[in-house]
Amino acid sequence: MTNILVADLDNNRIYEEQLDEETASTLGGRLLGLTLYSKYSKEGYKDPLVFATSPANKSNLDILVSGRTTLVGRSPLTGHAYSSNSGGKFGQSLATNGYLALVILGESDAGVYIDIDKKQITSKADLSKRAITYGDSATNDCLYACLFDGTKGGVYGRGGFGKSFVDRNLRGV
């Protein structure tokens with residue numbers, strides 16, 4: 001598993017990128033998230049968001065052994081790179097779809113959803129499948145608004161990333 005999924009909201013497209021084998025086999029979670037955040041920031045993308053899972057989420061034995069996912073981005077609250085992590089099934093969903101990370105770039109002109117299964121950015125979503133969403137506080141400009149993993153009750157509670165979704169016109173993943 002060496003793929004990452006990149007959602008470019010500016011251009012309304014999703015594509016895959018390959019990580020080198022050494023990076024893919026040794027980095028996960030926060031370190032992978034910070035590495036990708038730095039890479040895309042240096043390439044000129046403003047405020048990338050990176051959901052990074054761990055290689056342990058999909059082992060060579062094809063069993064799921066970890067449920068954590070780390071989100072790295074620029075916090076609306078502090079203005080600095082920040083990370084938050086959550087339990088739930090989102091990390092497992094990324095891993096079972098063959099990805100170590102989801103990188104979100106840019107912002108959309110209208111409210112959109114990212115559908116990982118279909119690899120598309122859409123204005124409509126199957127709400128029963130939506131995994132990552134924000135609450136009302138994010139739409140009311142709360143700088144510390146959380147994101148919720150609706151698949152199993154996990155919360156990305158640090159950094160104000162709910163506000164980051166609203167600022168991008170991203171309604172959910």
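The model is predicted, so local features need pLDDT of at least 70 and side-chain atom pairs count only at pLDDT 80 or more, while totals for chains, interfaces and linings use all residues. Residues are numbered from 1 along each chain as its sequence is written, and side-chain values use heavy atoms, with hydrogens and water left out.

Ser86 belongs to strand E5, and Val155 to strand E11. Helices (H or I, at least four residues) and strands (E, at least two) are DSSP runs, numbered from the N terminus. Ser86 is buried, at 1% relative accessible area. Val155 is partly exposed, at 34%. Buried means under 20% relative accessible area, exposed over 50%, and partly exposed in between (1.4 Å probe, protein chains only). The C-alpha atom of Val155 is separated by 9.7 Å from that of Thr133, 22 residues apart along the chain.

Strand E5 (residues 81–86) pairs with strand E4 (residues 69–74). Two strands pair if DSSP finds at least two bridges between them. Here the sense is antiparallel, over 6 bridges. Val72 faces Ser83 of E5 across this pairing. The E4–E5 hairpin has 6 residues between its strands, and Gly79 takes a positive phi near 80° there.

A further sheet is open and has 3 strands, in the order E8-E7-E12, with mixed pairing. Strands E8 (120–122) and E12 (170–172) stand at the edges; each has a single partner strand, so one side of each lacks a neighbour in the sheet. Neighbouring strands are turned by 40° against each other on average, direction ignored. The axes are lines fitted to C-alpha atoms, for helices over the stretch in contact, and angles run from 0 to 180 degrees between N-to-C directions. Strand E7 (residues 112–115) and E12 run parallel, joined by 2 bridges. Tyr113 has Gly172 of E12 as its bridge partner.

Aromatic pairs number 4 in the structure. Rings of Phe, Tyr and Trp (its six-membered ring) pair if their centres lie within 6.5 Å; planes under 30 degrees apart count as stacked, over 60 as edge-to-face and the rest as tilted. Phe51 and Tyr156 form an edge-to-face pair, with ring centres 5.5 Å apart and planes at 80°. Phe51 lies in strand E3 (residues 49–52) and Tyr156 in strand E11 (residues 154–156), so this pair ties together parts 105 residues apart in sequence. Phe51 is buried, at 0% relative accessibility. Tyr156 is also buried, at 0%. Ring pairs link Phe51, Phe90, Tyr156 and Phe165 into a cluster.

The largest nonpolar core holds 24 residues. Such a core is a set of buried Ala, Val, Leu, Ile, Met, Phe, Trp, Tyr and Cys residues joined through side-chain atoms within 4.5 Å. Phe51, Phe90, Leu102, Ile114 and Val173 touch the most other members. Elements supplying at least two residues each include helix H3 (90–96), strand E6 (99–105) and helix H5 (161–167). E6 gives the largest share, 3 residues. Another core, of 17 residues, lies apart from it; Val6, Ala24, Leu27 and Leu32 are among its members.
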